[in-house]
Amino acid sequence: MSELISRDDFATAVAKAIELKKPVEFIQNVTIDADNTITVAAGEELTLNLNGYTLQGITDDADKNDDNKITSADNEVMFDVRGTMNVNGGRVIIKHVGDTYADFGWNACGEIFYVAFNGKLNVNTSHLENEGGVPMAYAIDLVNATDVNLNVESSTLKSSYIPVRVFNNGAGMNNVTIMNSKLEGTSRAFWVHVYTK
């Protein structure tokens, strides 16, 4: 059983957890409207202790600006990580439903985690999955201007396209460690788009 809660209610819970420096402890499966991104700002830390439960994000607004022009500003991202985020012991899934805007290619993008600008994402004993619905579907996307860190251990990363993209488009360096984990994608399992450690 999964309870559907509003993005605002979930974002409020996350903001309170960050303020109190406490983890979000899951006691059941939760489904949210993930069209609006939740940001972990620089200097903040968010921990999701999933406790074996699932956080499901559903998106359906491929053209957020309603201008019939799909750009990177329309990308559907559950979490924008500029600070530190920890995900422990459960499942995080995203899926786009409705119009895929397939003709827009690169600009039709959906992802669970966008990690950039000194962001750090730690994933432990968890299952991350992007079930697709948009052409560019990632579980984790690292597109940075400065140093970004990704640490994955004893987890599964899965996508209808590519589970992990590492794209260094700045002067910094991406640092990626993946241990004892499984990566599964239909195009690639791991994509180093521009140089990384």
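In which strand is the place of Gln56?

A: In this predicted model, Gln56 lies in strand S6, which covers residues 54-59. The residue counts as buried because its relative accessibility is 15%, and the cut-off for that class is under 20%. Apart from neighbours within four places in sequence, Gln56 is in contact with Val30, Thr31 and Ile32, and also with Ile93, Ile94 and Lys95.

The charged pairs come next. Side chains of opposite charge can pair when their charged atoms come close. The structure holds four salt bridges, among them one between Asp141 and Arg165, with an N to O distance of 2.8 Å. This pair links distant parts of the chain, since Asp141 belongs to strand S13 (residues 136-144) and Arg165 to strand S16 (residues 164-168), 24 residues apart. Like Gln56, which counts as buried, Asp141 and Arg165 are both buried.

Another of the salt bridges joins the side chains of Lys16 and Glu19 at 3.7 Å, N to O. These two residues stand three apart in helix H1 (residues 7-20), so about one helical turn separates them. Glu19 counts as exposed, at 54% relative accessibility, whereas Lys16 is partly exposed, with a relative accessible area of 42%.

A salt bridge also connects Lys182 with Glu184, at 3.8 Å from N to O. Here Lys182 is partly exposed at 49% relative accessible area, and Glu184 is partly exposed at 32%.

Methods
Residues are numbered from 1 along each chain as its sequence is written. This is a predicted model: local features need pLDDT of at least 70, side-chain atom pairs count only at pLDDT 80 or more; totals for chains, interfaces and linings use all residues. Side-chain values use heavy atoms; hydrogens and water are left out. Helices (H or I, at least four residues) and strands (E, at least two) are DSSP runs, numbered from the N terminus. Buried means under 20% relative accessible area, exposed over 50%, partly exposed in between (1.4 Å probe, protein chains only). Contact means heavy atoms within 4.5 Å.
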